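My entries follow in the order in which I made them.

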Amino acid sequence: MSKQHITISAGVMAVAISISRVLGLVRDQVFAFFFGSTWVADAFIVAFRIPNLLRDLFAEGALSQAYVPVLTQKIIHKGQEAAWRLASMVLNWQLAVLVPITILGMIYASDVVEAIAGGTGGFTGEKFDMTVQLTRIMFPFIVLVSMAAVFMGTLNARHIFFIPASASSMFNITSILVGVLVGYCIDPHFGPWAIVGWAIATLAGGFMQMAIQVPSLWREGFRYEPIFFARDSGMDDVVRRALPGIIAASAVEVNVLVTTYFASHLDDGSVAWLNYSLRLAYLPIGLFGVGIGTAVLPSLSRSATERNLEQFRVQFNHAFRLAMCFAIPSAIGMVIISPLLISVLFERGRFSATDTLETARVLRFYAAGLVGYAALKVIVPAFYALGKARKPMIVSFIGIAVNFFLCSALTSAGPVDFGWIDLKAKGLALATSCSAVLNAIILMLMLRALLEKRIDFHETLGGLLRVACASAIMGFAVFSLLQLFHVFRMPGLLWSNILQLLLLVGVGALVFLAAARFLKIPEVRELTDLILKKIYGDPAKAAGKD
């Protein structure tokens, strides 16, 4: 796949994922309206954290990135029939592992919650009991989404990206509709027990995320086989790559779990503030980092299979720089407009002005690690494509240890208090960001060594410097415009805030694109040329027709 095809595929992924992320924001808005940052919201978020973490560990994270390269090789060397056999085996073995885990998790839900959010200063009383109840309801979610992840990986290996990326949109739509309907039936005033409706909606959404991909798989020729063993199936290669990657590809998610543990020992609402801000910080990662990483993985796998390291280097460099073109300006923009952004999105119903202020403060610290988060979404798949999954695993242990240490050092929560400074929820966000950046730096150095120093750091750093300069110009323009709004004391009504936010985002995007074109950043030039070509057509083709 050429650089242009990678960009196009990443664009297709970005469109599909952007729809899903927007719907995810709507889901969060509805949730915040009814539950705000109350103890009930904390209980739901902690209860969902366990199945969500297991999903990332066993399904969408490590397995997908280990599975796609092997399936790609199978398609190239053995044909589609062997590839479909491998897909069935991966699905069967995944269910064989996750179904027993789900049953045990439902039985021992109280012990699970105690380990994550209990103990001295943690969840107690009605808050603890509600968290246990919600955990039991949502644990089967991992089985449904694990099937969806296998389907997504299979379609991605066939270079089909839009439908799999759109599957999570069905999760969000179903969650919103079922959550409101069932929650209202359980408690018409959306009191504490209405949250049970949202737990049921999570299961319904997981089922729809899986089911929407089945027609595309059927059209591609996939037919399920109830098999566990087959000679030369490639299953052993998937397991060999996936086991170390279970931790490596999900280091950020493990860090989120560590953060949840510390946050559960802080004031009520801390878990919710961290969750809302993390979802916003993940928005640009989901739009661009995941899309680019997913789009480039099959191409990197093919280059690695053909032992074409030079082509591998070109594809990786292009994908990495493209991710940075979105991550760096997004981080700067979030730091500047976070209070206004959160006010527009969430400040209504039970989500108060205090919640807006606290969530904005946390978001700024998460934004500091946005570059690291986005980089990992591109770097980790490169290791999978090269069959070197153990290296990210080792580095992820370092990142998790650093995160735990910093969480202890920057808050007064948890079993160890070093007493450096108590930043409360903000300290937890900063610890996670530092861990992600450190992870990305170490892995980048290791990848350069694997590619026999084919990654030119002077070229990479030069490109990052130009992106940073364009982003700084954008940040200055956005900050100046925001100060102008304050000088004229624009009214704090919702319509006024929405208008200000749209102006800030629009001006920021235009200034960044103009600065990037002036600084001759090739990825931005290529992306804007593709957009203009789609809008106005290809002048060369038009001239040929004349």
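I began with helix H7 (residues 141-157), whose 17 residues reach 24 Å from the first C-alpha to the last, close to the 24 Å expected at 1.5 Å a residue; helices here are DSSP runs of H or I with at least four residues, numbered from the N terminus, and the expected span is 1.5 Å times one less than the number of residues. I note that this is a predicted model, in which local features need pLDDT of at least 70 and side-chain atom pairs count only at pLDDT 80 or more, while totals for chains, interfaces and linings use all residues. Residues are numbered from 1 along each chain as its sequence is written, and side-chain values use heavy atoms, with hydrogens and water left out.

I then checked how covered H7 is, and 17 of its 17 residues are buried, where buried means under 20% relative accessible area with a 1.4 Å probe and protein chains only. After H7 comes His159, with a positive phi near 60°.

Helix H17 (residues 390-410) has 21 residues and reaches 30 Å between its end C-alpha atoms, close to the 30 Å expected. Its buried residues include Pro392, Val395, Ser396, Gly399, Ile400 and Asn403.

Next I looked up Asp355, which sits in helix H15 (residues 353-367). Asp355 is buried yet has no salt bridge, and Arg350, the nearest side chain of opposite charge, is 10.0 Å away; a salt bridge needs a side-chain nitrogen of Lys or Arg within 4 Å of a carboxyl oxygen of Asp or Glu. A polar atom of the Asp355 side chain does lie 3.0 Å from the backbone nitrogen of Ser352. Not counting residues up to four places away in sequence, Asp355 touches Ser37, Trp273 and Arg350, contact being heavy atoms within 4.5 Å.

For the packing, I found 127 residues in the largest nonpolar core, where Phe35, Phe44, Leu134, Phe316, Phe346 and Ile379 touch the most other members; such a core is a set of buried Ala, Val, Leu, Ile, Met, Phe, Trp, Tyr and Cys residues joined through side-chain atoms within 4.5 Å. Helix H14 (residues 309-346) gives the most to this core, with 19 residues. A second, separate core of 23 residues includes Val70, Leu91, Ile227 and Val238.

Last, I turned to Gly508 in helix H20 (residues 494-518), which counts as buried because its relative accessibility is 4%.

Notes
Helix = DSSP H or I, 4+ residues; strand = E, 2+ residues; numbered from the N terminus. Buried < 20%, exposed > 50% of the residue type's maximum accessible area, 1.4 Å probe, protein only. Lys, Arg positive; Asp, Glu negative; His and termini not counted. Polar contact = N/O pair within 3.5 Å; in protein donor to acceptor, adjacent residues only side chain to side chain.
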